[in-house]
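Dear colleague,

I am handing over the structure below, and I would be grateful if you would look through it before reading the notes that follow.

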Amino acid sequence: MSTPDIVLRLPSSPRVLGLPAAETLEADEVTGHGEGGPAPKRIVVGYGFWIFLLSDIVMFSAFFAAYAVLSAATAGGPSAAQLFDIRNVQIETACLLLSSFCCGIATLAVEQRNLRLTQGALLATGLLGFAFLALEVHEFIGLVAQDAGPSRSAFLSSFFALVGCHGAHITAGLLWLGTMMAQLYAKGFRADICRRYFCFSLFWHALDIIWVAIFTVVYLMGVRT
Amino acid sequence: MNDTTAHAAGGGMGDLAPGQQDKNPKDFAAGLRSYLVGLALAVGLTIASFWAAQTHLIYAPGVSAALIALAIAQMGIHLVFFLHITTGPDNTNNALALAFGILIVFLVVVGSLWIMSNMNHMSVAMGESMHMQP
């Protein structure tokens, strides 16, 4: 048996698909295999989620733009100054800010691998978030009861769309929070569970940032004019 | 390749995930102090916002500008102390993504307001001219 004379030469570009990259090429010719190697998964996952959060904020900006354009279009119905209760908004803001803070405590506890503190801080995060949500639902029910529902005017449509979208995010966040607590309880501080937790904490802090914009633009400026 | 060598050789390119306070988790007290500073600043700015909206001490047309400035300051506090997005060299990718997001948000909001107020002016002018016709 003789070996064939012709040796197949592969194209040397590392971007051609199907190359057994690490064996045939110099290490730093291949994307992600250069000096320093691929980024750790913690960074890749976190960065991807950060991009998602930014796109979510871009989506919110469209709702903010719609509200800002339509906030004076009350169609003869009640205006922001007649409807909004600033005391209620103050309590909502306090709940969400403290909830965000508790989530930060939970992040520290996860880094310390302290399960009891993590679960306690997450429980506080969830209860404060739930209190926020209950106040918001209560406010919405009150508005609809006094004939100021989303179908009353363009102003109220854009109000319910913007604040309701934030409330829907909070609801989703609370479900995620419950899932995280269950997973931490059942599986402990496994690497993938911790990555999930860090994504959740980013999500929760970002929702608080959006709430800062909402209470400023919708409530404080609305009551002012 | 494990994480530590990747960090050592990475030379400051996206070394921290967003939300990550430090490569090696600091002790609990230092982290807690940072969150407490963030909470105190956020509470202060929130109280200032609600105060500015209800007081009559501020020149009335300037209140909106004051509220927007306070809101942007508070968002910055949240980003730095809660989300740990900084301008440090280990945060370049995160900060650049944020900058692009802010650009898009700015274009959407300011562009919408600008175009719609322009159209309002135009339609008011058109309505008046139609009334003037016999």
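**What was found**

His84(B) sits in the loop between helix H3 (63-82) and helix H4 (92-132) of chain B. Although His84(B) is not a glycine, its phi is positive, at about 55 degrees, and with 23 C-beta neighbours inside 10 Å it counts as buried. Please keep in mind throughout that this is a predicted model.

A second residue with a positive phi lies in chain A: Asp147(A), which is likewise not a glycine, has a phi near 55 degrees. Asp147(A) belongs to the loop between H5 and H6 of chain A. Is Asp147(A) buried or exposed? With 10 other C-beta atoms within 10 Å, Asp147(A) is exposed, whereas His84(B) is counted as buried.

**The two chains**

Chain A has 7 helices and 0 strands, so that, in keeping with the definition of these elements, its order from the N terminus reads α-α-α-α-α-α-α. Of its 225 residues, 38% count as buried, and among the contacts in chain A between residues at least 6 apart in sequence, 76% join residues at least 24 apart. Chain B, for its part, has 4 helices and 0 strands, running α-α-α-α from the N terminus. Buried residues make up 25% of the 134 residues in chain B, and 56% of its contacts with a separation of 6 or more are between residues 24 or more positions apart.

On confidence, chain A averages a pLDDT of 87, with 84% of the residues scoring at least 70. Where pLDDT is low, the predicted coordinates should not be read in detail.

**Where chain A meets chain B**

In the interface, 43 residues of chain A are in contact with 45 residues of chain B. Three helices of chain A, namely H2 (41-70), H4 (86-111) and H7 (191-224), each supply at least two residues of the side that touches chain B, and the largest share, 15 residues, comes from H2(A). By class, the residues on this side of chain A divide into 26 nonpolar, 12 polar and 5 charged.

Ala68(A), which is placed in helix H2 of chain A, gives a local view of this region. Ala68(A) is buried, having 20 other C-beta atoms within 10 Å, and 20 is also the number from which a residue is called buried. Leaving aside neighbours within four places in sequence, Ala68(A) is in contact with Val217(A), and also with Val109(B) and Leu113(B). The C-alpha atoms of Ala68(A) and Phe159(A), which are 91 residues apart along the chain, are separated by 9.5 Å.

**Two helix pairs in chain A**

How do H4(A) and H7(A) pack, and at what angle? Their axes lie 10 Å apart and the angle is about 160 degrees, which makes H4(A) roughly antiparallel to H7(A), an angle over 145 degrees being what that term requires. H4(A) passes H7(A) in a left-handed crossing. Among the residues that make this contact are Leu96(A), Leu97(A) and Cys103(A) of H4(A), together with Trp204(A), Trp211(A) and Phe215(A) of H7(A). By class, the contact of H4(A) with H7(A) has 13 nonpolar, 5 polar and 1 charged residues.

The other pair is formed by helix H5 (residues 115-145) and helix H6 (residues 154-187) of chain A, whose axes come within 10 Å and cross at roughly 160 degrees. H5(A) and H6(A) are therefore roughly antiparallel to each other, and their crossing is left-handed. The residues in contact include Gly126(A), Gly129(A) and Phe130(A) of H5(A), and Gly167(A), Gly173(A) and Gly178(A) of H6(A). By class, the contact of H5(A) with H6(A) has 11 nonpolar, 9 polar and 1 charged residues.

With kind regards

Definitions and conventions. Residues numbered from 1 in each chain as written. Chains lettered and ligands numbered in written order. Predicted model: local features only at pLDDT ≥ 70, side-chain atom pairs only at ≥ 80, totals over all residues. Contact = placed C-beta atoms within 7 Å. Nonpolar A, V, L, I, M, F, W, Y, C, P; charged D, E, K, R; others polar. Axes fitted to C-alpha atoms, helices over the stretch in contact; angles between N-to-C directions. Parallel < 35°, antiparallel > 145°, perpendicular 65-115°, else oblique. Left-handed = near helix turned anticlockwise from the far one by under 90°. pLDDT = per-residue confidence, 0-100. Buried ≥ 20, exposed ≤ 12 C-beta atoms within 10 Å, placed from the backbone.
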